[in-house]
Amino acid sequence: MENIIIIGSGPAGLTAGLYAARAGQKPVVLEGLESGGQLMQTQHVANYPGFPETVSGPSIVAAMRRQAEKAGVRFVMDAVESVDFTGPVKKLMTMMGDTLEAKTVIVASGAGVTKTNLPGEAKYWGRGISACLTCDGAFYAGKKVALVGEGPATAGAKVYLTRCGAEVVGIVAPGEVASFDGDAAHLTGLTLKADGSVLACDGLFLVTARTPQTQFLGTALEKDDKGHIVVNGTKTSVPGVYAAGDCIHPHHKQAVIAAGDGAVAALEALAYLARGA
Amino acid sequence: MGVKDIQEAEYDEAVKTGKVIVDFWATWCGPCKMQGALIDQKIVPEHPEIEVLKVNVDDEPALAARFGVMSIPTLILYKDGQLVEQIVGLTKPDEILAKLA
């Protein structure tokens, strides 16, 4: 059994790991499906303290990870599918088919794009529709792409895709889309709600508001109606289970806040272990 | 048969016989890391009859283009030289093995 298992490898998880490792706990960090978290999708970060010149998200994550590894964090490439927090020993059932046991758990599972659930989305997911700029942006060099989303993230996405050599033909809010259209194999465009016109594109990227990735918890922890874990500080509804970062904040989804939460959660977990609960 | 990186020039020869999984991936793709771990840890040790070929799409853009790969992870499964299925998105070992059975 582990003393501390951390779910997620973004700023919250990596900082929690650093603090727990420096306290000699040899924590395990489960990397999750989006190793490094949402910062991996951001090319320019200007609001992470300590970097007066803008810095890329992946380079911040890489530095955090090196520091955590140096401190003694053990990284495991696995993702949690379900949990059992009913007993004093916390159990995590993973995609690799393992059941991991821990005295304390820190949930730092972050947030991800919100699917639109519009007609055609499921059909063309991975066939023209993507939520991962860094995974799939380069495939659209010389092709036409649309962005479906709102807010400042769409501007960053446009810059990134343009640098990939793609032509961004439109930025459309999810509420303005009637359907995603295509042939048998691939997306060919989207239909606009307003006038029924079609915006032709070879691909589109969702840059929508972020939904907490907490479905795997089921009802094991108290959550709000949007799925954020309800916390007091970083304490969840289950003693010995803490939560940090974008999975707890309805509004302030920021890397520096996530990192701070991660430190608090680790210190709380260390205090819990010290109490011998 | 193990795991190896594959380049365009060797591709057709490599998928000609037996059961083959081609894994299109990239360094910065999170789900690709999970897909790779699932294949390496759950399929490779227990299925020596299956060959796993890794295509880094940054190094081999022509192979990705040839198969219309527009999203990764993408897997292409072959049985005796026949393309069984091209799967987009993270796929569990059981599902992969069932398609190659």
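How many helices and strands does the secondary structure of chain B come to? It comes to 4 helices and 5 strands. Helices here are DSSP runs of H or I with at least four residues, strands are runs of E with at least two, and both are numbered from the N terminus.

Some ground rules. This is a predicted model, where local features need pLDDT of at least 70, side-chain atom pairs count only at pLDDT 80 or more, and totals for chains, interfaces and linings use all residues. Residues are numbered from 1 along each chain as its sequence is written, while chains are lettered from A and ligands numbered from 1 in the order in which they are written.

Back to chain B. From the N terminus, its elements run β-α-β-α-β-α-β-β-α. Chain B has a radius of gyration of 12 Å, close to the 13 Å of the globule rule for 101 residues, so it is as compact as a globular protein of that length. That radius is taken over C-alpha atoms, and the rule is 2.2 Å times the number of residues to the power 0.38. The C-alpha trace of chain B spans about 30 × 30 × 20 Å along its principal axes. Of its 101 residues, 38% count as buried. Buried means 20 or more other C-beta atoms within 10 Å of the residue's own, exposed means 12 or fewer, and partly exposed is in between; C-beta atoms are placed from the backbone.

Now chain A. It is divided into domain 1 (2-112 + 210-274) and domain 2 (115-207), with bounds from an automatic or database domain assignment. The C-alpha centres of the two domains lie 30 Å apart. Their contact takes 5 residues from domain 1 and 4 residues from domain 2. Two residues are in contact if their C-beta atoms, placed from the backbone, lie within 7 Å.

Look at strand β14 of chain A, residues 203-207. 5 of its 5 residues are buried. A:Gly203, A:Phe205 and A:Val207 point one way; A:Leu204 and A:Leu206 point the other way. In a regular strand, side chains alternate between the two faces of the sheet.

What pairs with β14(A) over 5 bridges? Strand β9 (residues 144-149) of chain A does, in the parallel sense. Strands pair if DSSP finds at least two bridges between them. A:Val145 has A:Gly203 as its bridge partner in β14(A). Strand β8 (residues 129-130) of chain A also runs parallel to β14(A), joined by 2 bridges. There, A:Ser130 partners A:Phe205.

Last, the two chains together. Their contact takes 21 residues from chain A and 19 residues from chain B. On the chain A side, helix α4 (residues 133-136) gives the most, with 3 residues.
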